[in-house]
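Hi,

Here is the structure I promised to pass on. Have a look at it first, and then read my notes below.

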Amino acid sequence: MNLLSVENITKTFGARAIFNDLTFGVDQGQKVAIVAKNGSGKTTLLRCLIGLEQVDDGRIVFRNGIRVAFMEQTENLDETHTIMEEVFSHDLPELQAVKAYNLAMISGNEKLIGDSFEAITELNAWDTENKVHQILAVLKLEDTTQMISSLSGGQKKRVALAKVLIGEPDFLILDEPTNHLDLDMIEWLEEYLSKSKSTILMVTHDRYFLEVVCDTILEMEDQTIYKYKGNFSYYLEKKAERQEQLGSTIDKARNTMRKELDWIRRQPKARGTKQKARVDSFQDLKAVASQRIDEDELEIPIKMERLGSKIVEIHKMNKAFGEKKIINDFSYVFKRQERVGIVGNNGTGKSTFLNMVQGFETLDKGTVSVGDTIVFGYFNQELIKVDEEKKVIDVIRDIAEFIPLEKGKTMSAASFLEKFLFPRSMHHNYVYKLSGGEKRRLKLMTILMKNPNFLILDEPTNDLDIFVMSVLEDYLRSFQGCLIVVSHDRYFMDKMVDHLFVFDGEGEIKDIFGNYTVYRQNIAQLLKDERKGTNDKKVIEPIITAVKEKEAEKRKLNFKEKVEFKNMEKDIENLELEKAKLTEKLSNSSLSNAELMNAGNRLTDVIKELEHKADRWLELAEFAE
């Protein structure tokens, strides 16, 4: 059953065409994502669908009687409401009944309590109240008495998300739903939307989200739209096939055009008598042959400042805010080409740590020693701070007219912009006309122009489209300096980092080998083991006690244990060698994501086996002669 029909819609801003003659539909139960480059009009399209923007031509029709909810990138909340008042500001009968019951309980009026109790029972809305509290708890909005006006931007985003989820609409439209969510929240939302009965249309740059949640991808390109019936992997495969076919068509058209061009130029005197159909056909052929396939190559051969032997050394770092411990006695020595990911819930001290490493914030105790040759490049979450009336080209020229490259070469500001996927047609655009993603890309350019050899990227993928993220990853893989990444983009983290600093919120920072997926798999296994241990506790404890008592009586090893003890030293030596090789392998940036994941999984198994054998060796060594 069709819930949304979009027919031949066109939208322009002045002389600029945003999209032209778009036609597509969304059926009940579908989970659809729109992908496109920054500035292609994704958000504008969503606003047109919901009626916040008018199209120039065409029609948009939702099925009668369905409830539609829209979560914008910028929150549209009532500042005078509390969190609870805002999430209950729906006309949904079940929510209104729960709201009335909560107010009645606060008032203590027994008649109101009785009436509201009956209303909830009649609507079977008791599950609704549980759902409200569950969603608010997951999104860390437990203090529902807080005023909207007092919340941070991230908290407002989570309130807006809670509001649309709690409303249980038939058709849910989401614009960047994962922004300002920590990793646990993103994984919960991923599972929630996968199981949701709502029809979903979303714009998101989270590639794992696209892979797991979506069953249809709509790609906006060249002012039109292409539909792919499958998840993100399917889309990538079919897009590559489409571009290959288009390339073949363009090559064929260009070969034919050469012959037709020779014909069209011959005998100018007789041109008026040439076949009109053939001349018209030539113009169509020319349009096909003139097409260009964008390869999205972000080549940045920028000169990097030389790295000395000393990078960054952290000794006994401590930081607290009041009684809240942020970092407790942390030490670490960075090495060449270090690639570290930082994970942890919001408020655990990740940004504070980055500021202390760079000297922007003081330590309570300890030291941070930075090598003389280190040049930091810090890309934080704020948008670029320049005069919005400046032209894009002037932002770059104000830093340098020519950018130093490797081997003594230089590049003009205009060429540099093109490398960052800013075509010549955009160079004289004013900064205020840029999309959020384009502004962040421009900011990244200004940072890399300073030739850093230690890059710190705090949420670098926010507002960047999947195409820019892909080419940014290509650049970072070839970057020879040190890299620290804080990101909620799991796909990006898996590709970029060799190990993780995990902030647990209690001041401890754990150093974990492997990428983010390996880390989450280990957490899941630990939780599974803990649950199993709890269930088997009564059985395991007596067995362990009996074994220990029996071993305490022993003074010599039996023959089987002697053989085991003799072979164990060799086993431990072999495992140590394998561990060293796997650790080295994880530092190899040329390996694929799958190879890195396999190496990380094997390293985890090796470490566990080493610990087990070491414990067993110690047990046997006590009784060995």
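**What I found**

Let's start with Lys 156, which sits in helix H6 (helices are DSSP runs of type H or I with at least four residues, strands are E runs with at least two, and both are numbered from the N terminus). A quick word on the source: this is a predicted model, where local features need pLDDT of at least 70, side-chain atom pairs count only at pLDDT 80 or more, and totals for chains, interfaces and linings use all residues. Residues are numbered from 1 along each chain as its sequence is written, and side-chain values use heavy atoms, leaving out hydrogens and water.

Lys 156 has a relative accessible area of 17%, so it counts as buried (under 20%; over 50% is exposed and in between is partly exposed, with a 1.4 Å probe and protein chains only). Its side chain makes a polar contact of 3.2 Å with that of Glu 79 (a pair of N or O atoms within 3.5 Å, one able to donate a hydrogen and the other to accept it; residues adjacent in sequence count only if both atoms are side-chain atoms).

Helix H6 (residues 153-166) also packs against helix H5 (residues 126-138), at about 155° and with axes 10 Å apart (axes are lines fitted to C-alpha atoms over the stretch in contact, and angles run from 0 to 180 degrees between N-to-C directions). The two are therefore roughly antiparallel (over 145 degrees; under 35 is roughly parallel, 65 to 115 roughly perpendicular, the rest oblique).

Elsewhere, Asn 453 is buried too, at 0%, and its side chain reaches the backbone nitrogen of Val 375 at 2.8 Å.

Cheers
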